[in-house]
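Morning, everyone. Please have a look at the structure on the screen, and then I'll walk you through a few parts of it.

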Amino acid sequence: MTNTFFKFLKTAFPYIILLISLFYSYNFQPKPTPNPGAMDPDTELQYEFPGSFRYYKSGRVERLDGTEVVPTGTDPTTGVISKDITINQSTGLSVRLYFPSGINSDKKVPIILFIHGGAFIIHTAGSPAYHRYCNLLSSNAKSVVVSVSYRLAPEHRIPVAYDDTWESLKWVVLNCRSGSEPWLAKHGDLNRIFLAGDSAGANIAHNIAVRFAEEGIDGCPKLKGVLLLNPYFWGKDPIGNEKTDPGLQPWMEETWSFICGGKYDMNHKFVHPMGSPEVFNKLGCERVMVTVSELDLFVERGKAYAEALKKSGWDGKVVLFETPGENHVYFLTKFDEEKAVKEMEAMVAFINSD
């Protein structure tokens, strides 16, 4: 028995030493310490629009503004009725329609395709500020307003917002001609279709007017007009009295690149139409109204757009409306103050003029 044990021990000894060595290596070697500089991609910012939006390196999106949606119904202040319609089930594209009170059963009224702002990354047609504004616009202009909830960047980068709005315009025309939507079929005037938008929505409205001239839509020979409210345009070089803050231009370029996924530079016609004057001859509408606010970052761009359009040889009418002492899209929050009321009155006169 003893001899057998010693024979086994002699044979197994090298393996026992190996096991002890492996045990020691695994349990007593110093372990690597975590790198305090390494960050979780789900919490590390790649892009931020201060106070409104954050995008993380993992692809996670955090919207801090523009996510609230108010219900449709009858507005107690204006009497305007609203409803939501999904016009593309596969993409989820939807519009919110507004119908003013006091319209006779056979009366035809203007149609305003409204495109909300929000830097292409926040808000919907159901956002409280835009819902309120469209109620006021429908009531004051006695128009059917169709507000577009286009898909947002970065999940859907430009040109998706343009494509969704173009699809919405075609849907409006179709329903005015022979569609099932009664507000448009009974009351929509095909000869008085307007595009309107604020900030990024104004950018979209301009680009849709260009696309309309290039492609056209059956049954709608021409758009009546376009309203660009504090439009979002920019470029690589400052113009007019534009601020030359050294940090501003890089941030503007970063933002635009983020919105479009780097497809288009800062002088592309989508964002800098003044640098591509040939686009002005392609506006498929009879008249354009541009509104600017004195303290707005984009004020010089709006003025330059209106001036370039006047000088382009385009045969339509251009109206520039300037509001002193106010910031970007002030009319959304100060909607009942004197300056906003005056701007609304100017818009209504533009829409309802012969």
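Let's start with a helix contact. Tyr133, Leu136, Leu137, Asn140 and Ala141 of α2 meet Met344, Met347, Val348, Ile351 and Asn352 of α8. Contact here means heavy atoms within 4.5 Å. By class, this α2 and α8 contact has eight nonpolar residues, two polar and no charged. Nonpolar covers Ala, Val, Leu, Ile, Met, Phe, Trp, Tyr, Cys and Pro; charged covers Asp, Glu, Lys and Arg; the others, Gly among them, are polar.

A word on the source. This is a predicted model, where local features need pLDDT of at least 70 and side-chain atom pairs count only at pLDDT 80 or more, while totals for chains, interfaces and linings use all residues. Residues are numbered from 1 along each chain as its sequence is written, and side-chain values use heavy atoms, with hydrogens and water left out.

Now the geometry. Helix α2 is residues 128–141 and helix α8 is residues 338–352; their axes come within 10 Å and cross at roughly 50°. That makes α2 oblique to α8. Angles under 35 degrees count as roughly parallel, over 145 as roughly antiparallel, 65 to 115 as roughly perpendicular, and the rest as oblique. The axes are lines fitted to C-alpha atoms, for helices over the stretch in contact, with angles from 0 to 180 degrees between N-to-C directions. Helices are DSSP runs (H or I, at least four residues), strands likewise (E, at least two), numbered from the N terminus. The crossing of α2 and α8 is right-handed. Right-handed means that the near helix is turned clockwise from the far one by less than a right angle, and left-handed means anticlockwise.

Next pair: α3 and α5. Their axes come within 10 Å and cross at roughly 60°. So α3 is oblique to α5. This crossing is right-handed. From α3, the contact uses Ala161, Tyr162, Asp163, Thr165, Trp166 and Leu169; from α5, Asn203, Ile204, Asn207, Ile208, Arg211, Phe212 and Glu215. Those residues divide into seven nonpolar, three polar and three charged.

On to pockets. A pocket is an open set of points on a 1 Å grid over the protein atoms alone, where a 1.4 Å probe fits, with protein on both sides within 12 Å along at least five of seven lines; lining residues have an atom within 4 Å of a point. Volume is the space filled by probe spheres set on the points, which are joined across faces, edges and corners.

The largest pocket has a volume of about 520 Å³. It has 23 lining residues, and the closest to its centre are Phe49, Gly118, Ser199, His328 and Val329. Which element gives the largest share of that lining? It's α6, with three residues. By class, the lining has 12 nonpolar, eight polar and three charged residues.

The second largest pocket has a volume of about 190 Å³. Its lining includes Pro159, Tyr162, Asp163, Asn207 and Arg211. Helix α5 gives the most, six residues. The classes here are six nonpolar, two polar and four charged.
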